[in-house]
Amino acid sequence: MADENSSLPTAAYAAPHPLAKPGFGKRGAPDQRPRHATDFDHLPRREASIAAYLDRLPEGADVSVKTLAKVLPDYGQCALRTALRRLSDAGHLRRFTETFIGSGGSPQWVTRTYFSRTARDDSWWAALPAGNVPQAEPDEHQPADPAPSRPHNPAYALLAGLGRAEPRLTLSAADCTSLAPYVAEWLARGASPDQVLATLTAGLPTPSITRPGSSCPG
């Protein structure tokens, strides 16, 4: 019996997907539910199609927008960038910058994309880099929540409110999630929220630089 999702793009069965450079690329999130044909039914058709394709890619696959645009010609880079952002908002994907020890033995910074067919909320993703994710599996009969709840922790809350102190530093939910572990470390070392805000907003150029409009509509 074919294990196929009807929304998969035709390119999913084309040539083998290229791998990223060592240390980069896709990483599967831990403790996922078994694959099921309805995994992405809560998503719009485009996002469901792309999610189904990403779900089947092996560890270390190159999931950069440029590479995905080559293997999924039905979508341009702009559409893929928007779709990946929406998959992140829906709790299926996060990008983290981590250290990696290469063949030469020296550490380097790499960007890894973690994908989960099981939708996760922001607090789960925030705990992933530190290895503190909860082990309990969600009820597989419950539909995935397309609007994951926001974590109630001081580090995330501080980052989420950064734009109120300095509009030029307004962060997305994905940004807050990826940066929260670093802010949490500052707070754990005794820094107050006001000290962290002062550090993050210090040294910005004056006058304000206007944020350019995006060329990729959401």
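Author: The secondary structure of the protein chain comprises eight helices and three strands, where helices (H or I, at least four residues) and strands (E, at least two) are DSSP runs numbered from the N terminus. Along the sequence these elements follow the pattern β-α-α-α-β-β-α-α-α-α-α. The model is a predicted one, in which local features need pLDDT of at least 70 and side-chain atom pairs count only at pLDDT 80 or more, whereas totals for chains, interfaces and linings use all residues. Residues are numbered from 1 along each chain as its sequence is written, and side-chain values use heavy atoms, with hydrogens and water left out.

Of the 218 residues in the protein chain, 40% are buried; buried means under 20% relative accessible area, exposed means over 50%, and partly exposed lies in between (1.4 Å probe, protein chains only). Among contacts with a separation of 6 or more, 70% join residues 24 or more positions apart, a contact being heavy atoms within 4.5 Å.

The salt bridges may now be taken in turn. The whole structure contains six of them, each defined as a side-chain nitrogen of Lys or Arg within 4 Å of a carboxyl oxygen of Asp or Glu. One is formed by Arg117 and Asp55, at 3.1 Å from N to O. Arg117 lies in the loop between β3 (107-115) and α4 (122-127) and Asp55 in helix α1, so this pair ties together parts that are 62 residues apart in sequence. Both Arg117 and Asp55 are buried. The pair also belongs to a network of salt bridges that links Arg35, Asp55 and Arg117.

The helix that carries Asp55 deserves attention. Helix α1 spans residues 45-55, and nine of its eleven residues are buried, so it is largely enclosed by the rest of the structure. Those buried residues are Glu47, Ala48, Ser49, Ile50, Ala51, Ala52, Tyr53, Leu54 and Asp55.

Another salt bridge joins Arg94 to Asp122, with the closest N and O atoms 2.2 Å apart. This pair, too, links distant parts of the chain, for Arg94 is in strand β2 (residues 93-101) and Asp122 in helix α4, 28 residues apart. Arg94 and Asp122 are both buried.

Arg27, in strand β1 (residues 25-28), presents another case. Arg27 is buried but has no salt bridge; Glu59, the nearest side chain of opposite charge, is 4.5 Å away. Apart from its neighbours within four places in sequence, Arg27 is in contact with Glu59, Gly60, Arg112, Thr113, Tyr114 and Phe115.

A further salt bridge connects Arg189 and Glu185, at 2.5 Å from N to O. Here Arg189 is exposed, with a relative accessible area of 67%, and Glu185 is partly exposed at 37%.

Ala188 is in helix α7 and, at 68% relative accessibility, counts as exposed. The C-alpha atoms of Ala188 and Ala155 are 10.0 Å apart, although 33 residues separate the two along the chain. Trp186 is also found in helix α7, and its relative accessible area of 34% makes Trp186 partly exposed. From Trp186 to Ala155 the C-alpha distance is 9.0 Å, across 31 residues of sequence. Not counting residues up to four places away in sequence, Trp186 touches Ala191, Val196, Thr199 and Leu200.

Leu179 is likewise placed in helix α7, which covers residues 173-188. With 35% relative accessibility, Leu179 counts as partly exposed. Together with Trp109 and Tyr182, Leu179 forms a nonpolar surface patch of about 350 Å² of accessible area. Patches are made of residues with over 30% relative accessible area and no salt bridge, like charges being joined within 9 Å and nonpolar side chains (Val, Leu, Ile, Met, Phe, Trp, Tyr) within 5 Å. The accessible areas come from the Shrake-Rupley method with a 1.4 Å probe, and for residues only the protein chains shown count as cover. The protein chain as a whole exposes about 12,500 Å², of which carbon and sulfur atoms supply 55%.

Conventions:
Lys, Arg positive; Asp, Glu negative; His and termini not counted.
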